[in-house]
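Here is a short briefing on one protein chain. Please keep the sequence and the model side by side while reading.

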Amino acid sequence: MPLAHHLSWTLGPAIDGRHARGFVYELLRSVDETIHDQNSPGGFSVCVQPGGLRINTLMAALDEDVGAACQRLVGETIRLGTHRLEVLGVRAEGHPITLATSYAKFLQADPHVDCTLRFASPTFFRRAGANYSLPEPELVFGSIIARWNAYAPVKVPERAELELKGATVRHFDIQTKPITFETHAVGVVGTVTYHFAGASEETLRWSQALGQFAYFSGVGAKTSMGLGEIRPVDPAEFKDAPRRTPRRTGHVRSAQPGR
């Protein structure tokens, strides 16, 4: 049962994924000592936010224990790198728009020919042994499907998987952003709308389910460090938007290091 566990603490220096990952792994080890040794896609993801942290759990075995471990931290001072911060509160919630908290609930989404994802933190992929930042449909949905299939009771059907990975891009507004810790890579942030022309209704429903699930799973590499964060998009935001080809509406801006 995917859940988002929000920890808030006193405002202090900016925290990045290096600090967050160590803290989260120690927290998770307190409830599951084998969490770092698992070969399947990580059963959690991390999102670093101003004044707090979001830990997303993807399986029921972690939900309750992680929530309890977070609750025990309220009022305590924690250490992230060289920073000491007082934990002010914690809350657990489902998807912020649909309120979904189960895989079954995701699958109740209405089918739609478009799926818009907002990449909130630098997102990149490992392809042929190299870092690759362009959010192509095959890479994006391949990443989400791998995490879904690892933990959901119902797997993505083969036909739907092929149609999802074969999507086209209807609109994009993205820019590259250097990753300044842990790895030498460039990630992408921004918004991409994937289009499933000619796909079955089943696939269109899966596209919406996986789009919601991505809020919890993250996308691409290093999601345990706050990379590949997906923020929810309200479909109404794009309901009346003009639909043109990416060549005319989409653009990629390259951010220079230090900007």
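The points below cover the sheet, the helices packed on the sheet, a helix pair and one histidine.

This is a predicted model. Five strands make an open, antiparallel sheet in the order 2-3-1-5-4.

**Sheet**
- Strand 2 (44-49) and strand 4 (77-80) are the edge strands, each pairing on one side only.
- On average, neighbouring strands are turned by 35° against each other, direction ignored.
- Strand 1 (residues 3-9) and strand 5 run antiparallel and are joined by six bridges.
- Ala4 has Glu93 of strand 5 as its bridge partner.

**Helices on the sheet**
- Helix 6 (residues 201-217) packs on the sheet and touches strand 1, strand 2, strand 3 and strand 5. The direction of helix 6 makes about 40° with that of strand 1.
- Helix 2 (residues 60-71) lies across strand 1, strand 3 (52-57) and strand 5. Helix 2 runs at about 10° to strand 1.

**Helix 4 and helix 5**
- Helix 4 (residues 137-151) packs with helix 5 (residues 158-165) at an angle of about 140°, and their axes are 8 Å apart.
- Helix 4 contributes Pro137, Glu138, Phe141, Gly142 and Ile145, while helix 5 contributes Glu161, Leu164 and Lys165.
- By class, this contact has four nonpolar, one polar and three charged residues.

**His95**
- His95 sits in the loop between strand 5 (83-93) and helix 3 (103-106).
- His95 has a relative accessible area of 4%, so it counts as buried, the cut-off being under 20%.
- Its side chain reaches the backbone nitrogen of Ile97 at 3.1 Å and that of Thr98 at 3.3 Å.
- Beyond its neighbours within four places in sequence, His95 contacts Ala100, Gln212, Tyr215, Phe216 and Pro232.

Note on methods
Residues numbered from 1 in each chain as written. Predicted model: local features only at pLDDT ≥ 70, side-chain atom pairs only at ≥ 80, totals over all residues. Heavy atoms only, no water. Helix = DSSP H or I, 4+ residues; strand = E, 2+ residues; numbered from the N terminus. Buried < 20%, exposed > 50% of the residue type's maximum accessible area, 1.4 Å probe, protein only. Polar contact = N/O pair within 3.5 Å; in protein donor to acceptor, adjacent residues only side chain to side chain. Contact = heavy atoms within 4.5 Å. Axes fitted to C-alpha atoms, helices over the stretch in contact; angles between N-to-C directions. Nonpolar A, V, L, I, M, F, W, Y, C, P; charged D, E, K, R; others polar. Pairing = 2+ DSSP bridges.
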